[in-house]
Amino acid sequence: MKKLTLALISGGISSEREVSLSSGDQVFEALDKERYDIRRYDPKSDLPRLVQDAPGIDAALIILHGPYGEDGTIQGMLDLLGIPYQGSGVLGSAVAMNKLVSKQLYEKAGIPVPAYIVLQRHDTDVAGTTVERLGLPLVVKPASGGSSIGMSIVREIDRLAAALEKGFEYDDTLILEEFIEGTELTVGVIGNRDLEALPVIEIVPDERYEFFDYEAKYTAGATREICPAPIPDSLAQQAQSYALMAHRALFLEGYSRTDMIAAEKGLFVLETNTIPGMTATSLFPQSAAAAGMSFRQVLDRLIELGMEAHSPEHGKA
Ligand SMILES: Nc1ncnc2c1ncn2[C@@H]1O[C@H](COP(=O)(O)OP(=O)(O)O)[C@@H](O)[C@H]1O
Ligand SMILES: [Mg+2]
């Protein structure tokens, strides 16, 4: 078989740059060198070289998180260059990056989400009514963010102003959300037309973390991940079904991973990641492993699905 020339894109300019670079290294290690001739590109410095090399590139693997990576921008550039890539296209990527747009589409699809209020930078005098509607604690998050950056859990009303100020450092639009006490689950899906839900993972952040924050996400050993989650079958099936519904509701392609919280009053969807963490020990590869796919096989599959969905011939009459 002829080797495929693969552009491995990692780094970038979002606040998740460091995570992306280390994921990029691990993906590079794991990729089958017999199968791929791998060229690496960091959008921070290498976009002109990517454009130049484009005619010789068969596929791209985008290992970027957050704005200018997971949000449709690099996907649009690759579309223009005629390079297929793994995962969602421009529309799905942009939609899923925005937690507010995502919520609106989840709601339309009948997927339960925590009660929420939207706050723009110039809205004033919201504290009283917000707390009345959502109760305490409540969660403040930037509408387009990731890795829990700019997020706070507000437990006392006099902490709200500081939480809003912190959130507005990252975005002009904030979501204030009802705090859901429960078990965190995350569910990966993979496929194009035949979409498969992977085994459910339960996330257990160490007690010293208030929630699954940046540190809990990226400090080795700070979080336990149990896959398959030790939950009743009926709950696991519901979680898988919501992950499939969420993937379709947000117009996603190839793969995704949906975060949820299972509470006494039901299962709630928080958000869907279009480029989930991609180190060998990240959540998506772990659940793929539970379904019998090695990290290397997952990467092969994602590239294959991407080439099928985003090849330049795709969609042409
Ligand atoms: N409504 C909520 N109730 C309880 N915990 C929440 C809520 N929203 C977010 N969290 C906590 O914050 C983490 C990150 O939130 P999430 O919406 O998944 O954003 P992201 O992972 O993109 O930063 C979750 O994994 C969870 O621990
Ligand atoms: Mg999340």
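## The shell around ligand 1

The shell around ligand 1 divides into nine nonpolar, four polar and five charged residues. Here Ala, Val, Leu, Ile, Met, Phe, Trp, Tyr, Cys and Pro count as nonpolar, Asp, Glu, Lys and Arg as charged, and the others, Gly among them, as polar. The model is predicted: local features need pLDDT of at least 70, side-chain atom pairs count only at pLDDT 80 or more, and totals for chains, interfaces and linings use all residues. Residues are numbered from 1 along each chain as its sequence is written, while chains are lettered from A and ligands numbered from 1 in the order in which they are written.

In total, 18 residues surround ligand 1. A residue is near a molecule or strand if its C-beta atom, placed from the backbone, lies within 6 Å of it. The closest are Ser148, Ile180, Phe211, Phe212 and Leu270. Strands β7, β12 (254–263) and β13 (266–273) each supply at least two shell residues. Domain 2 (95–112 + 181–300) and domain 3 (116–178) each give at least three. Domain bounds come from an automatic or database domain assignment.

Strand β5 covers residues 138–142. Helices (H or I, at least four residues) and strands (E, at least two) are DSSP runs, numbered from the N terminus. Five of the five residues of β5 are buried, so the strand is largely enclosed by the rest of the structure. Buried means 20 or more other C-beta atoms within 10 Å of a residue's own, exposed 12 or fewer, and partly exposed in between, with C-beta atoms placed from the backbone.

In a regular strand the side chains alternate between the two faces of the sheet. Leu138, Val140 and Pro142 point one way from β5, and Val139 and Lys141 the other way.

Two strands pair if DSSP finds at least two bridges between them. β5 pairs antiparallel with β6 (residues 152–154) over three bridges. Val139 stands opposite Ile153 there. β5 also pairs antiparallel with β7 (residues 173–178), over five bridges. Leu176 in β7 is the bridge partner of Val140.

## Helix α1

The buried residues of α1 are Arg17, Val19, Ser20, Ser23, Gly24 and Val27. They lie on the same side of α1 because they cover an arc of only 145 degrees around the axis. The arc is that of the directions from the helix axis to the C-beta atoms. Glu18 and Glu29, on the other side, are exposed.

## Arg133

Arg133 sits in helix α6 (residues 127–134). Arg133 counts as partly exposed because 14 C-beta neighbours lie inside 10 Å.
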